[in-house]
Amino acid sequence: MATRTWYAVATTALGHASYVIGDLDTAARVLPHAAYSEAAPSLVRIMALAFLSLTQAELGQFDRSRKSAEESMEVVEARSLHALPSGSMAFTALGQSQAASGRLTEAMATLEQGLNLLRKNPGLSPWPMIHHLLAMGRVAIMSGDLPLARRLLDDVRR
């Protein structure tokens, strides 16, 4: 069982790294192994599903992206992980998915909630904050709030 748990962790890391460097095909291929693994810890599943959602959105697979984002948030809610920085990726993916379907006000509220979580609990890695600020910046642009988008992108630089 421990081997399968570490496999899920490694697969999530590989999927995330693939997403970051733009190798979306690899990310889309490997992330489901962790996202749907019974051996994966909840936080690993949350992150794998969220990264899968972001990858699917980049590939233009918006229905799949929405489903993965919702599944990520379901794990957060089922395990009451709203206060952990790792759970913030579910908010990132869901907010981006909501924006893609035109629900900009709802998306910004979801992203604000995730940003508050990240600012209270910064975590060990800068990646959740980077992904979140970029997604929130895109939603701000879609909403026509260019000053907010500039502030968010300035935060990414820091």
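## Salt bridges

E71 is a buried residue, with a relative accessible area of 17%, which places E71 under the 20% cut-off for burial. This value, like the others in this report, comes from a predicted model. The side chain of E71 forms a salt bridge with that of K67, at 2.8 Å from N to O. K67 is partly exposed, at 44% relative accessibility. Both residues belong to helix 4, which covers residues 62–78, and because they are four residues apart, about one helical turn separates them.

E106 is partly exposed, with a relative accessibility of 38%. R103 is partly exposed too, at 34%.

A further salt bridge brings together the side chains of R119 and D155, at 3.0 Å from N to O.

## Helix 8 and R150

Helix 8 also contains R150. Is R150 buried or exposed? With a relative accessibility of 54%, R150 counts as exposed, because the cut-off for exposure is over 50%. Computed along the sequence, R150 is 18 residues from H132, and the C-alpha atoms of the two are 14 Å apart in space.

## Helix 2 and its two sides

Helix 2 runs over residues 24–35 and has twelve residues. From first to last C-alpha, helix 2 reaches 16 Å, close to the 16 Å expected at 1.5 Å a residue.

Which residues of helix 2 are buried? They are L24, T26, A27, V30, L31, A34 and A35. Viewed down the axis of helix 2, these buried residues fall within an arc of 145°, so they line one face of the helix. D25 and R29 are exposed on the other side of helix 2.

## Helix 5

Helix 5 takes in residues 88–100, 13 residues in total. The distance from its first C-alpha to its last is 19 Å, close to the 18 Å expected at 1.5 Å a residue.

How many of the 13 residues of helix 5 are buried? The count is twelve, so helix 5 is largely enclosed by the rest of the structure. The buried residues run through S88, M89, A90, F91, T92, A93, L94, G95, Q96, S97, Q98 and A99.

## Helix packing

Two packed helices can be described by the distance between their axes and the angle between them. For helix 2 and helix 3 (residues 42–58), the axes come within 9 Å and cross at roughly 150°. Helix 2 is therefore roughly antiparallel to helix 3, because angles over 145 degrees fall in that class. The crossing of these two helices is left-handed.

Definitions and conventions:
Residues are numbered from 1 along each chain as its sequence is written. This is a predicted model: local features need pLDDT of at least 70, side-chain atom pairs count only at pLDDT 80 or more; totals for chains, interfaces and linings use all residues. Side-chain values use heavy atoms; hydrogens and water are left out. A salt bridge is a side-chain nitrogen of Lys or Arg within 4 Å of a carboxyl oxygen of Asp or Glu. Buried means under 20% relative accessible area, exposed over 50%, partly exposed in between (1.4 Å probe, protein chains only). The expected span of a helix is 1.5 Å times one less than its number of residues. The arc is that of the directions from the helix axis to the C-beta atoms. Axes are lines fitted to C-alpha atoms, for helices over the stretch in contact, and angles run from 0 to 180 degrees between N-to-C directions. Angles under 35 degrees count as roughly parallel, over 145 as roughly antiparallel, 65 to 115 as roughly perpendicular and the rest as oblique. A crossing is left-handed if the near helix is turned anticlockwise from the far one by less than a right angle, and right-handed if clockwise.
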